[in-house]
Amino acid sequence: MKIICIGRNYSEHAKELGNAIPEAPILFIKPDSAHIRPGYHFYYPAFSNDVHHELELVLKIQTMGKNIPKQFAHKYYDEIGLGIDFTARDVQAELKQKGLPWEKAKAFDGSAAMGHFVTKKELGDLNAIQFHLDVNGETRQRGNSANMLNKFDYLISYISNFFTLKKGDLIFTGTPAGVGPVEIGDRLEGYIGDSKLLEVVVK
Ligand code: ZN
């Protein structure tokens, strides 16, 4: 299983980090060792002092595909959930400055915390999925799939030109604005609408 992530897919988030809006989707990958199953904790890594939460809608691939045309992309995922793309922002800033790959900041152990999935049918309009993240009961991030620069089907098609998608692969579709640091002891809860799908405690 691999995890493919999209960078800067919401313009408000690109702005908050002072980044330009990309012309094509920015892709990066997390290995299976980054994956945290629903109900498990996140352990704050020793190499960072500024780990941020990025709550994102996550697509679960249900069948293998390569070079998928956009009009068929909907057949390759049936479930959507929430995940947190934990990011060591201090490490990332240093790597970006040097023009180096982001893996140490983005793909470390436990950096992809997952919640539960719901079916597309249950969600209804995929272009109006409201989601939010509460930290210790206070809402920190709000997003809506309507504000994604690149939509799900285009992302699947685009990604599959580079990486064969396999059953069980996860696609993190980018973070809305409102990212910020987490502290040891924080309880992070992710919601789609009013349904809580994700809960992670920082240890
Ligand atoms: Zn992200």
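In this predicted model, Leu197 belongs to strand β14, which spans residues 195–201. Leu197 counts as buried because its relative accessibility is 9%, under the 20% limit that defines the buried class. Setting aside residues up to four places away in sequence, Leu197 touches Leu82, Gly115, His116, Val118, Gly190 and Ile192. A further relation concerns Ala177: Leu197 and Ala177 are separated by 20 residues in sequence, and their C-alpha atoms lie 20 Å apart in space.

The strand that holds Leu197 is part of an open sheet of four strands, arranged in the order β10-β9-β13-β14 with antiparallel pairing. Strands β10 (138–144) and β14 stand at the edges of this sheet; each has a single partner strand, and therefore one side of each is left without a neighbour in the sheet. From one strand to the next, the twist averages 20 degrees. In general, the strands of a sheet pair through backbone hydrogen bonds, in either a parallel or an antiparallel manner. Here, β14 pairs with strand β13 (residues 187–192) in the antiparallel sense, over six bridges. Within this pairing, Ile192 stands opposite Ser195 of β14. Ile192 is also one of the residues that Leu197 touches.

The description now turns to the metal site. The zinc ion has Glu54 (OE), Glu56 (OE) and Asp85 (OD) as its protein donors, at 1.9 to 2.1 Å from the ion. Along the chain, the donors follow the spacing E-x1-E-x28-D. Both Glu54 and Glu56 are buried.

Is Ser48 buried or exposed? Ser48 counts as buried because its relative accessibility is 3%, again under the 20% limit. The side chain of Ser48 takes part in polar interactions with two partners, described in turn. A polar atom of this side chain lies 3.0 Å from the backbone nitrogen of Asp50. The side chains of Ser48 and Asp90 are joined by a polar contact of 2.7 Å.

Conventions
Residues numbered from 1 in each chain as written. Predicted model: local features only at pLDDT ≥ 70, side-chain atom pairs only at ≥ 80, totals over all residues. Heavy atoms only, no water. Buried < 20%, exposed > 50% of the residue type's maximum accessible area, 1.4 Å probe, protein only. Polar contact = N/O pair within 3.5 Å; in protein donor to acceptor, adjacent residues only side chain to side chain. Donors = N, O, S within 2.8 Å, 3.2 Å for Na, K, Ca; no water. Helix = DSSP H or I, 4+ residues; strand = E, 2+ residues; numbered from the N terminus. Contact = heavy atoms within 4.5 Å. Pairing = 2+ DSSP bridges. Axes fitted to C-alpha atoms, helices over the stretch in contact; angles between N-to-C directions.
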